[in-house]
2 protein chains.
Amino acid sequence: MKLVVVGGDAAGMSAASQARKRLGGDLEAVVFERGHFTSYSACGIPYWIGGFVKDRDALVARSPQAHREAGIDVRIRHEVVGIDLDRREVVAHDLEAGGEVREGFDHLVYAAGATPITPPWARVRGGGVFGVQTLDDGDAIHRWLDRDPKPRRAVVIGGGYIGVEMAEAMVRRGLEVTLLEKSAQPMKATVDPDMGARVREAIEGQDIDIRTGTHVTGLEMDGDRVCGVVTQAGTLPADIVVLGLGVRPNTTLADESGIPLGVTGGLRTDLRMRVVGPDGPIDGLWAAGDCVQTTHLVSGAQVNVPLGTHANKQGRVAGINIGGGYATFPGVIGTAVTKVCDLEVARTGLTEKEAAAAGYGFVTATVESTSRAGYYPGAASMAIKLIAERRTGLLLGAQIVGREEAAKRIDALAIAVWNKMTVEEMTALDLSYAPPFAPVWDPVLIAARKATDAVHAALP
Amino acid sequence: MKLVVVGGDAAGMSAASQARKRLGGDLEAVVFERGHFTSYSACGIPYWIGGFVKDRDALVARSPQAHREAGIDVRIRHEVVGIDLDRREVVAHDLEAGGEVREGFDHLVYAAGATPITPPWARVRGGGVFGVQTLDDGDAIHRWLDRDPKPRRAVVIGGGYIGVEMAEAMVRRGLEVTLLEKSAQPMKATVDPDMGARVREAIEGQDIDIRTGTHVTGLEMDGDRVCGVVTQAGTLPADIVVLGLGVRPNTTLADESGIPLGVTGGLRTDLRMRVVGPDGPIDGLWAAGDCVQTTHLVSGAQVNVPLGTHANKQGRVAGINIGGGYATFPGVIGTAVTKVCDLEVARTGLTEKEAAAAGYGFVTATVESTSRAGYYPGAASMAIKLIAERRTGLLLGAQIVGREEAAKRIDALAIAVWNKMTVEEMTALDLSYAPPFAPVWDPVLIAARKATDAVHAALP
């Protein structure tokens, strides 16, 4: 049996590895990867740029060579340019040596990832303008920062978590940093504005000049180098520009090859990660990672959530199924976490805006508490916000902003969302308590109590 | 309406406060407390003895005076000695002024807490032999440690979490510390022996002479002062002895008053915390805290779990119901956490021994992973053990031993147990991921994968 995989990062390599692990020598697995690296942590790039992580290789979970030793024929610097579903064949360009390669397949995994959203004015790659998507991007940023004379002023465009993480990394590298966000608060896709205001304070507290409500309209170039960012409020000088405007599923090749796209522009799959066309699942065609759309289990909507953790799970599920096993990926509930300096920010389920968009009527409750018993050294304040459906009290979403030991509490809330708990039932949860770890009423329980009161108060 | 409460710590005061909050001046609430303090954190005593917490008052969430200002008639140093259910009256001794007080009631909350288990040989209170149950105990230990000449050698009897916390506190106070445990590993009621072995290493690593398999048979006294602990392996010199042998429900008074006890020796209640007798719930009689038995939601057994977090919840539930509201306490799932030096130890659900005792057939899986992405600074190793029912894969229990940011993951597992998740469903959970917080496969997910494999492997 022959497997061809398009894309050698988390999703593609997980699929190939799982299938190979199950079928051994009965499976011939070929992976085409456009870049130089496989199985790497794109999420770690800001920490590598910022110097928290010293070595690029630390971000590589498994190198092409290691995969080859495990029996997977990995071909880096190969870009797949055509998929022929009828002939069951892909065509790839060898980006180094030139020339074309053709490979037939029984199973194909499409795992081409995502592409940074790049407005027309930003279509200047190189020259000091960078996305943060691949290790190759990271290499390019490192080289630019090490130029002589060294860049002094960085402008990061987009106040989502990648933008914020990159702004912090640039501060650590000694640059003057401006962070531009078109909406009124940073991380608007992650948390509600009230929680975003707390994030904003943390950003300001570390010498980042954050400017919200700022629309970028163009870049100013000095020859082939960027020298400024043009906004509705004037031009900002810049020696390096980082784009953190989000990504979209990289499905151009799929679309050109006649593979149907879902409503979000990502590939549509069934629970086993088989690509679904107009007539149902397409035999032997699989997809995983940032290029697929998935079901949001709280809103019921189809969504694109480009996160390494989903890519790994989806790839693993595809690989198990290709290998003759049985596994499913039911969907996501929108869990995410990030760190802004020492501020921890986490969310799960739906934000207020998302809940409203899904049609839910809801109440909210926000509590301030501490990560440990108030009297125990190191107790740090944290805020938890819960969003619960009116009437039923179903937990729709949660957000946490705090310091040390705060954010990972989101996992507890994520599992509560996953299991469709009501905030009233949550008040009885048997959560761990000891003074070094929580007040006797854990912040999660206090929030559940307050949300329960809000649900009761909203009853007719 | 008149409420009388027996016991002024977490359970009793929560009940009184909730009822008063709902009924205001329509409720007369009288609380009798034998000691000097109300609403305090007994769990914080080891940290106060050890100097992590400087001030005793920090452990008091709400003083008698504060409660009085909120309209609750708190009478400290009053010991209730009789309850007359027919006449609806209690009799209390005033331990300071002497004399007897009688109070009638419409509702009675029995919240007398627990009593340290004290073998006959240990019935020497004072003289350097201490339990760790009340703030008054803590005061007595402090005074003893400050004597001149200062005690030099401490022997802690019992290797459960209180014993281990107290042993650590004594080390911090500069004493030579021996910790005696009759079984083969410390914390045997908390974690399985394989995880207990890791705890043992941490204990040994901080200059505590831990001796397992050691049976204490008596104390050696020098006049009215303890000077040694007699074991089957010889006598250990001791200037102070701390008993950490566990507690039992303090239900002597209830029993004497004709209030029926449950199978564990604790009071039996319904979901609303009404005391249940042979003919069903007894009108106007409530109980909460360490003196009640509760349902273990995984084993189905009746258990005594003396923890402040349950006492607070149960007291609150009783108070809401007394106040005319509706709330229930469904039971516990055995969640607990503690810290041994910088080692974090947590558990939820059933241990192997408990699962076997309940009649479950099960498989286990233990994984070693890290609290953060392996490449991120501060990534610390942690072990997670899962216990899953054979066939169904139902998560029966979990244990975690790790360093920073490890133990609070138990809450996620506790909510999975609470919701009767299978380990296979857990592999799909949408848990938070970012390099400062987790590897791309969170340790919880890795453990779920391995446990799923174990369930599959055990299928016939």
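**View 1. Residues meeting between H10(A) and H10(B).** Arg409(A), Asp411(A), Ala412(A), Ile415(A) and Ala416(A) of H10(A) meet Asp411(B), Ala412(B), Ile415(B) and Ala416(B) of H10(B). Contact requires C-beta atoms, placed from the backbone, within 7 Å. By class, this contact has six nonpolar, no polar and three charged residues. Nonpolar covers Ala, Val, Leu, Ile, Met, Phe, Trp, Tyr, Cys and Pro; charged covers Asp, Glu, Lys and Arg; the others, Gly among them, are polar. The model is predicted: local features need pLDDT of at least 70, side-chain atom pairs count only at pLDDT 80 or more, and totals for chains, interfaces and linings use all residues. Residues are numbered from 1 along each chain as its sequence is written, and chains are lettered from A and ligands numbered from 1 in the order written.

**View 2. Chain A as a whole.** Chain A holds 12 helices (H or I, at least four residues) and 26 strands (E, at least two), as DSSP runs. Its radius of gyration, over C-alpha atoms, is 23 Å, close to the 23 Å from the globule rule (2.2 Å times the number of residues to the power 0.38) for 460 residues, so chain A is as compact as a globular protein of that length. The C-alpha atoms of chain A fill a box of roughly 65 × 55 × 40 Å along the principal axes.

How values were computed: Contact = placed C-beta atoms within 7 Å.
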